[in-house]
Amino acid sequence: MKQGVVRALSIPAAKQLALRPMLNEFTAIPGEDATGYKWAVGNALEVLDDDSVFEEIAAICLDKSHGESREMVVLALAKMKSPKDVDVAERMLDDDEVAGHALIVLRKKGATQSRKKIERFLNHPKTWYRAEARKALAKFDKIEAKRGPKEIK
């Protein structure tokens, strides 16, 4: 029943009412949750997030004790406008449970400065990590092509 309520509140119109309670609920559930309830709360956080909760979202993303339940919370970083969002996503590249989601964030942010860190995923054992790395690098190539050649000093 709780999961149904969480999913019902996973709409942008519920942001003011539901964002803080969802943050509290996510962190109150210890460790990984086999039922998928914690992941559903994380999904709600991705839908409801805003810049006012960046520090809390970043803390959840970096806390490995939450396991794969963080996947959708990581994606929330792609919508945020903190100067630290790319740094947090780059740090998660070393966490194999959510590295693929961090690759998505870096691609969506157009974080061309992360190119070297992403290139190592071109040979990752997980097929979808390799695919996300290729997508990110292709996007970066387009961004850099629009910028034109760098000036020589």
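Reader: Which side chain meets that of E132 in a salt bridge?

Author: This is a predicted model: local features need pLDDT of at least 70, side-chain atom pairs count only at pLDDT 80 or more, and totals for chains, interfaces and linings use all residues. Residues are numbered from 1 along each chain as its sequence is written, and side-chain values use heavy atoms, leaving out hydrogens and water. A salt bridge puts a side-chain nitrogen of Lys or Arg within 4 Å of a carboxyl oxygen of Asp or Glu. At 3.3 Å from N to O, the partner of E132 is R107.

Reader: How many residues apart in the chain are E132 and R107?

Author: E132 lies in helix α9 and R107 in helix α7; helices are DSSP runs (H or I, at least four residues), numbered from the N terminus. The pair links distant parts of the chain, and the separation is 25 residues.

Reader: Does E132 count as buried or exposed?

Author: Buried means under 20% relative accessible area, exposed over 50%, and partly exposed in between, with a 1.4 Å probe and protein chains only. E132 has 8% relative accessibility, so it counts as buried.

Reader: Where around α9 do its buried residues lie?

Author: The buried residues of α9 are Y129, E132, A133, A136, L137 and F140. They cover an arc of only 130° around the axis (from the directions of the C-beta atoms), which puts them on the same side of α9.

How values were computed. Helix = DSSP H or I, 4+ residues; strand = E, 2+ residues; numbered from the N terminus.
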